[in-house]
Amino acid sequence: LADRGEVEIEEKPRRLFCQRDFQITRRAPRTTIAPYERRVLDLAFGGTSAPGETATLSQARSRITRGFRKVSADFRQALAAAGFLDRARIGLRRRYQVFGVVMLVAALAALIPALVMIDERGPWTLLISAALLIVALSAFIFGATITPLSNEGYRRGHRWRAYRDYLSKVARGREPSSGVMASNVLPIAIGLGLAGAWAKFLKTQGLPAPPWFRALPSGSDNAAFV
């Protein structure tokens with residue numbers, strides 16, 4: 001979003017014994033914004049869409065974290081519209097989960113009379129509750145093994161995992177970094193769980209900060225950005 005001119009990020013002066021803090025500024029829309037992107041922006045800036053609105057990075061992070069369920073729902077709709085989700089698989093997965101919950105409740109319900117009769121009939125009365133619990137756990141396991149992705153979504157996911165391995169090797173110096181634009185790759189690397197590795201890579205390589213990031217004049221763009 002920053003690379004597309006929708007937001008800017010600026011380093012703020014540090015107070016005594018405080019870590020670095022950054023301010024995000026919302027700009028007038030310049031590109032087509034997807035619904036889940038608009039949701040992220042609205043959450044980050046407290047629900048306002050006025051250009052020039054600001055928020056600290058810590059504020060934006062906490063707001064997005066609290067409202068991430070809404071972001072996730074918008075993103076799933078985008079995945080479904082692109083054909084990357086399979087409704088039949090999602091339905092089957094949900095049925096396994098519902099069945100598992102029902103069996104878990106039944107196991108807890110069966111435990112009550114089993115405990116009442118345990119003195120009279122011995123510990124064998126617990127077997128019914130244990131069997132229902134095993135069925136519930138099996139249903140949860142089977143449900144977890146069913147991917148919600150369509151065949152195309154699964155293929156895309158496989159390619160993204162391969163790209164993640166490539167970016168990991170680049171950050172660790174096992175693959176050449178020529179042709180890799182750090183400002184374009186960094187959001188993807190963070191999304192793929194490589195934030196720490198790429199922060200170290202930017203620091204050791206001394207790569208410049210992207211134009212949408214403004215560091216304090218007294219500091220280093222690279223250090224503040226990392």
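**Close-up 1. Proline 217 and serine 218 sit in the loop between S4 and H9.** At 83% relative accessibility, proline 217 counts as exposed, where exposed means over 50% relative accessible area, buried under 20%, and partly exposed in between (1.4 Å probe, protein chains only). This is a predicted model, in which local features need pLDDT of at least 70 and side-chain atom pairs count only at pLDDT 80 or more, while totals for chains, interfaces and linings use all residues. Residues are numbered from 1 along each chain as its sequence is written, and side-chain values use heavy atoms, with hydrogens and water left out. The loop runs between strand S4 (213-214) and H9; helices (H or I, at least four residues) and strands (E, at least two) are DSSP runs numbered from the N terminus. Proline 217 and leucine 167 are 50 residues apart in sequence, and their C-alpha atoms are 31 Å apart in space. Serine 218 is exposed too, with a relative accessible area of 75%.

**Close-up 2. Helix H8 (residues 195-205) has buried residues along one face.** The residues in question are Ala197, Trp198, Phe201 and Leu202. Looking down the axis of H8, you will find these buried residues within an arc of 135°, so they line one face of the helix; the arc is taken from the directions from the helix axis to the C-beta atoms. Lys200, Lys203 and Thr204 are exposed on the other side of H8. The cover over the buried residues includes helix H6 (151-171), helix H7 (182-191) and helix H9 (221-225), with contact meaning heavy atoms within 4.5 Å. After H8 comes glycine 206, which has a positive phi, near 65°.

**Close-up 3. H7 packs against H8.** Their axes come within 8 Å and cross at roughly 155°. Here axes are lines fitted to C-alpha atoms, for helices over the stretch in contact, and angles run from 0 to 180 degrees between N-to-C directions. That crossing makes H7 roughly antiparallel to H8; angles under 35 degrees count as roughly parallel, over 145 as roughly antiparallel, 65 to 115 as roughly perpendicular and the rest as oblique. H7 passes H8 in a left-handed crossing, a label used if the near helix is turned anticlockwise from the far one by less than a right angle, with right-handed used if clockwise. On the H7 side, the contact is made by Ala182, Val185, Leu186, Ala189 and Ile190, and on the H8 side by Ala195, Trp198 and Leu202. By class, these residues divide into eight nonpolar, no polar and no charged; Ala, Val, Leu, Ile, Met, Phe, Trp, Tyr, Cys and Pro count as nonpolar, Asp, Glu, Lys and Arg as charged, and the others, Gly among them, as polar.

**Close-up 4. Methionine 181 lies in the loop between H6 and H7.** With 52% relative accessibility, methionine 181 counts as exposed.

**Close-up 5. Helix H4 (residues 87-121) packs with helix H5 (residues 126-145).** The angle between them is about 165°, and their axes are 7 Å apart. H4 and H5 are therefore roughly antiparallel to each other, and their crossing is left-handed. The contact of H4 with H5 has 21 nonpolar, four polar and one charged residues. In the loop between these two helices you will find proline 123, which is exposed at a relative accessible area of 55%. The C-alpha atoms of proline 123 and phenylalanine 75 are separated by 50 Å, with the residues 48 apart along the chain.

**Close-up 6. Helix H1 (residues 35-44) holds glutamate 37 and packs with helix H2 (residues 57-66).** Glutamate 37 counts as buried, at 15% relative accessibility. Leaving aside neighbours within four places in sequence, glutamate 37 is in contact with Leu1, Arg4 and Thr32. H1 and H2 pack at an angle of about 125°, with their axes 8 Å apart. That makes H1 oblique to H2, and the crossing of the two is right-handed. Val40, Leu43 and Ala44 in H1 meet Ala60, Arg63 and Ile64 in H2. The residues of this contact divide into five nonpolar, no polar and one charged.
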